[in-house]
Each structure stands twice: as structure tokens, then as C-alpha cells.
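Subject: Structure handover

Hello,

Here is the structure I promised to pass on. Please open it next to this email and follow along.

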Amino acid sequence: LVLSYIYLHNVLSLFPWTRLLAANLLQYVITPLKQIGGAVLGYVPKLIFIAVIIIITRYVLKLVRLFFAGIEGRTIEFRGFESEWARPTYKMVRLLIIVFVAVIIYPYIPGSQTDAFKGISIFIGIVFSLGSTSAISNIIAGYMLTYRRAFKVGDRVKIEDIVGDVAEIRIQVTHVRTTKNEEITIPNSVILGSSVINYSSLAKEKGLILHTTVTIGYDAPWRQVDAMLLMAARETQGVLKDPEPFVLHKSLDDFYITYELNAYTDVPERMMKIYSELHQRILDAFNEYGVQIMSPNYEADPEGLKIVPKDKWFSPPAKPPE
């Protein structure tokens, strides 16, 4: 830079038209540097104020985080405030503190009162408001779902036609792992506008009722059918003995009676396997006692019963249990 100045000064001094520029060249360079230095010195008190506010805010945020960590870890308890609310509430409080501090230090930022700075702020605000409509709606929906306690991580839920376990709850989306080990990302705004079935919320306390229906002809005694269905339920792993399973007679149709078997379980995450084993037990029970299941519908009595005799239960390639 020094060599460039000397070169320009000497060259510009050679010509009458540029001698005045050469004489003032040093002043042209020094003047903006003086203005910059003066502006920096003038802003030193404001910069010190901003630094103090930032340091105080940092320790306040640490204290707030420690407080909500105590609530999440159940070392601090408030009546009516659930521990799973601690993390989202901390994020909300942290955002409010940061916004409040930004409003305080805004007038002390260098150039904040200039028209250029104001124009940039307006432009950023317009871009943010136009581009983040869906994001903001998902964030609001995420907080509403948290405080409604619709579900928590690990719960077996059904959202629209998706059945699975809640793997992770984020501010904008919820991750659900299906029974086929598929991870589905659902926007929180979609969940807020849909009906959510939570299979786990009451399963541990009162038990989840699993139910399935069979249609049996009028020639089968209903007491016998009830006994076989209850026997199948009691032999199924995962079905609770207390409360006991029960049978409802749903309807008296044209060709058959519709029976509904209801059984309690406290492991909703195994409900698909329990359903499968329950259906197997029902088939075995009805085949063993020679009662025909009347599904699908029929219009005339067949010559023989549509059942599988016990000696055919393990026809090849099936093998009997060891």
C-alpha cells in the first residue's frame, strides 16, 4: 500500500492536470480512516453496553436451563405442570428472552437508525413472513400437541391411517415408526387437524381392549361359541386374565350371528402379534369342536362342515411344535 501511494503520488505529480490530486491524495486516504476511527470511538460506550447485556443474558439462559432441567428430572415439581413440558417450555422461554434482549440492544447497534439498515430489516421481515408460513404453523401445532399431552415418545398411536410407535417429537414434525419398521415424518399441523388414537395412554392402568368378530350360524349354540372364544382368549399370550375377556353378540343377521370377542392387554406395542395369535387360537378352537365359521357369506348349507379336522392341523409342510 505504501509503494502504491508513492508510485501514484510521483506519477500524478508529473502532469499539470493531476498535480492538485497528487497533493491531496494523502488527505483523501486519511479522511475516511479518521471518520471510521472516530465512529468506533464514539460507539465504544454503546458496544460496552451491548457486551454487558449479552453476558448477563448468557448467564440468565444458563439459570433458566438449569431450572427446567430440574423439572424434567423431577427434582423440581409443580402441581399441574408435567415433566415432559419442561423442554418445550424452556425453548419458548429462551426464545422470548432472546427477542426481549434483541429489542433492548437494537438502538445501540451501529447504523441501526440509518435508512439503509431499516430497509434491510423490512426486507428480511417480508421474506421471513412469506417463506415461513407453514413452518410457523407447524411450530405452533407442535407446542399445542405437547401441552395437550396427545402422546409421548414410545406410545403406540394411530394418526389417520398410520399405525406405529412415536419415535421422536420435534417442534415442526413428529417421527412415527410403523409396525413394518418404516419411519414416517408427519407435520405437526397435520396431526393437530387429525384424529389421534393413543393405544398406550390407558393401557398400563386400565388395559387396552383388543376386539375381533366372527360370524357363526344359528345352528351352533351361542353358549358354546362364547366358551370357545373365551378359551381362545385365555390361551393367547399377552391377554390379561384380570379383567377377564368377554363376548358381545353384535347382531342377528340373515344367515349368522355376529360375535365380538373383547380381551384386555397392557402391552399395546405387541397388539399385532396378539391379534395374530388370537385368531390362530380361535381357528383351532372352532376346528377342534366342529363349529363352522360362516365367513364369507353363503346362500345354501354345504354337504359337509367347512372345518379342518384335528389330524390335518399340521399337514406338510407345517410341523407340530416340539
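Which residues of the largest nonpolar core touch the most other members? They are Ile216, Val225, Leu229, Tyr259, Leu261, Ile282 and Phe286, out of 28 residues in that core. Strand 6, helix 7, strand 8 and helix 8 are the elements that give it two or more residues. Helix 8 gives the most, with 7 residues.

Some ground rules. This is a predicted model, in which local features need pLDDT of at least 70 and side-chain atom pairs count only at pLDDT 80 or more, while totals for chains, interfaces and linings use all residues. Residues are numbered from 1 along each chain as its sequence is written, and side-chain values use heavy atoms, with hydrogens and water left out.

Now the terms for the core. A nonpolar core is a set of buried Ala, Val, Leu, Ile, Met, Phe, Trp, Tyr and Cys residues joined through side-chain atoms within 4.5 Å. Buried means under 20% relative accessible area, exposed means over 50%, and partly exposed lies in between (1.4 Å probe, protein chains only). Helices (H or I, at least four residues) and strands (E, at least two) are DSSP runs, numbered from the N terminus.

Look at Ile216 up close. Leaving out residues up to four places away in sequence, Ile216 touches Val225, Tyr256, Ile257, Tyr259, Phe286, Val291, Gln292, Ile293 and Met294. Contact here means heavy atoms within 4.5 Å. Another core, of 11 residues, lies apart from the largest one; Ile50, Val64, Ala86 and Ile105 are among them.

Next, helix 8. It covers residues 271-288, which is 18 residues. After helix 8 comes Gly290, with a positive phi near 70 degrees.

Then the aromatic rings. The structure holds 4 aromatic pairs. Phe67 and Phe68 make an edge-to-face pair, 5.3 Å centre to centre and 80 degrees between the planes. Rings of Phe, Tyr and Trp (its six-membered ring) pair if their centres lie within 6.5 Å; planes under 30 degrees apart are stacked, over 60 edge-to-face, and the rest tilted. Phe67 is partly exposed, at 34% relative accessible area. Phe68 counts as buried, at 10%. Phe67, Phe68, Phe78 and Tyr90 form one aromatic cluster.

Now some backbone details. Most residues other than glycine have a negative phi, and most peptide bonds are trans. Arg74 has a positive phi of about 65 degrees. It sits in the loop between helix 2 (19-72) and helix 3 (86-105). At 55% relative accessibility, Arg74 is exposed. Asn181 also has a positive phi, near 60 degrees. Its loop lies between strand 3 (173-178) and strand 4 (183-187). Asn181 is exposed, at 61%. Finally, a cis peptide bond joins Asp242 and Pro243, with omega about 5 degrees. Pro243 is in the loop between helix 7 and strand 7 (246-252).

Best wishes

Conventions
The expected span of a helix is 1.5 Å times one less than its number of residues.
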